[in-house]
Amino acid sequence: MSSAAPPDSIPLPAVPRTLSLGLVLVVLIVAFESMAVSTVLPRVAEQLSGLALYGWASSAFLLSSLFGAVLGGVLADRRGLAYGAVLALVLFALGLLVGAASPTMLVFVLGRLIQGLGAGGLAALPWAVISTRYPPQARAKMLAAISSAWLLPALIGPLIASVMADTWSWRVVFWGLVPLLAISAPMCVLPLRVRFRQPQEGQAALGSRRVLWAALALAVSAGALVEGLRRADVLGLLLGAVALIGVGLSTRVLFPAGLWRFKSGLPSALMVRGLAAFAIMGTSSFLPLALSELRGLTLTGAGIVLSLGGVTWTLGSWIQARIEDARGEASRPARIRAGLGGVAVGVALTALGVLGVLPLWVIYPSWVLACLGMGIGYTSVSLFAMSNVKAEGAGQLSGQLANIESLMVALAAGVGGALIARVRPLDGAFTLAFAVTLLGAVLALAVAGRLWAGQKGKVQEEKEANLV
């Protein structure tokens, strides 16, 4: 969504308290859904006999959310924020209902796809609303409230979801969010009916259509790649080959040049962020199932692991913010390397604990280490990316940061799901899945060295110019 502020000639009306409360509630619901589904997904796959589609349950949501975020932004710019918010809320609610009533795993995946379309728009909604409806002096406070809304779901979301699934049914997790969505929806939509901007025309409209088609092409291509990996036939090979071409072409529109070549500066920053997400969120997509199948943990036990990870991720973000305030940008290289190093070591130890090479208790401190490192390194990389774009490019960067995350996590979940569907015995499938996500963590650490390569070159050029 566009982050452009309203024209100076049009005064901002007072922000209704219901709007602030509605935004926080929407973020809370999306965050809870995100944390809860990972916990109950093993139960869903068991009851719907859908282990073969396990990876698609996450990939469909993530890939459709990538397109949903872009679609919501274009519609909001052309038709107004209220229109984009209504569409996102309706799609998310419809996805919840389809998921809750799913008779088969295929229908459940369809529900997740619909949910993702809505969740993409809802994830981007707060940033657009804050930048266009809130006065400058109130924006920092509201951003802090939105960020804090993720803490409670991270802390208790997996536990509540596992208890609900064990006590009643996993379907209650989806049914229970619909009334909360119905309460928060009017709080968001009604104050947004006043428009500050006119529909885009000319080149702006053409540019938005180009980005929209590129986002759709990327989502479809990545989905074809996931399906190609899942199939063990000629069609799978053809899907994979065509999908790789589609991903390459669409990313050229959505991301800066040099993304896949790890070009120094912003392209490398985006890849480091994507690879780190590939490692941590990719692992968390199959971690509950691995804990259940290989170590006999209940959904509640697996939920505790995910809750610890969510809380320590937030803690890591706070720690890096304190270090940034105290030591400034000069401390970012060390923070990024330390954080990504923690991710790699933590994922490796977690894998060894899940696979039975190390004692079960090792899983808890190792996953804490991985997520703490994620909070420190991931956020520091985002700050580095922001420092490499001008103010007028902030809106585009926010979309790129979100899209690279969705793309890489969807691919990680798809690869993990494909291995779970095709490799037997299951311990072999999980071994390969952990190896893939660990490779992502190691690559993130390696590519991080490219972040400052261009800056070093510029410094050297400036020194040589001064000598002349």
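Colleague: If I start from a single residue and want to read its surroundings, which residues does Thr 437 touch, not counting residues up to four places away in sequence?

Modeller: A touch, or contact, means heavy atoms within 4.5 Å, and with residues up to four places away in sequence set aside, Thr 437 touches Phe 278, Ala 279, Gly 282, Thr 283, Phe 286 and Val 347. Please keep in mind that this is a predicted model, in which local features need pLDDT of at least 70 and side-chain atom pairs count only at pLDDT 80 or more, while totals for chains, interfaces and linings use all residues. Residues are numbered from 1 along each chain as its sequence is written, and side-chain values use heavy atoms, with hydrogens and water left out.

Colleague: Where is Thr 437 found, and is it buried or exposed?

Modeller: Buried means under 20% relative accessible area, exposed over 50%, and partly exposed in between (1.4 Å probe, protein chains only). Thr 437 is found in helix α16, and it counts as buried because its relative accessibility is 1%.

Colleague: How many helices and strands does the chain have, and how much of the chain is buried?

Modeller: Helices (H or I, at least four residues) and strands (E, at least two) are DSSP runs, numbered from the N terminus. The chain has 17 helices and zero strands, and 53% of its 468 residues count as buried. Among contacts with a separation of 6 or more, 84% are between residues 24 or more positions apart.

Colleague: At what angle do α13 and α16 pack, and how should I read such a value?

Modeller: Axes are lines fitted to C-alpha atoms, for helices over the stretch in contact, and angles run from 0 to 180 degrees between N-to-C directions; under 35 counts as roughly parallel, over 145 as roughly antiparallel, 65 to 115 as roughly perpendicular and the rest as oblique. Helix α13 (residues 332-354) and helix α16 (residues 426-447) pack at about 165 degrees with their axes 9 Å apart, and they are therefore roughly antiparallel to each other. On the α13 side the residues that meet α16 include Arg 337, Gly 341, Ala 344 and Val 347, and on the α16 side Phe 434, Thr 437 and Ala 441 are among them.

Colleague: What are the angles between α11 and α13 and between α1 and α11?

Modeller: For α11 and α13 the angle is about 15 degrees, with the axes 11 Å apart, so these two helices are roughly parallel to each other. Here Ala 276, Ala 279 and Thr 283 are among the α11 residues in contact, and Leu 340, Val 343 and Val 347 among those of α13. The axes of α1 and α11, by contrast, come within 8 Å and cross at roughly 45 degrees, which makes α1 oblique to α11. In this pair, Ser 38, Thr 39 and Pro 42 of α1 meet Ser 284, Pro 288 and Leu 289 of α11.

Colleague: Which residues touch the most other members of the largest nonpolar core?

Modeller: A nonpolar core is a set of buried Ala, Val, Leu, Ile, Met, Phe, Trp, Tyr and Cys residues joined through side-chain atoms within 4.5 Å. The largest one has 127 residues, of which Met 105 and Phe 108 touch the most other members. Helix α11 (residues 266-295) gives the most to this core, namely 17 residues. Beyond four places away in sequence, the residues that Met 105 touches include Leu 41, Val 44, Leu 48, Leu 53 and Tyr 54.

Colleague: What does Gly 111 touch, and in which helix does it lie?

Modeller: Gly 111 lies in helix α4 (residues 105-133) and counts as buried, because its relative accessibility is 0%. Leaving out residues up to four places away in sequence, Gly 111 touches Gly 95, Val 98 and Gly 99. Gly 111 and Leu 97 are 14 residues apart in sequence, while their C-alpha atoms are 7.6 Å apart in space.
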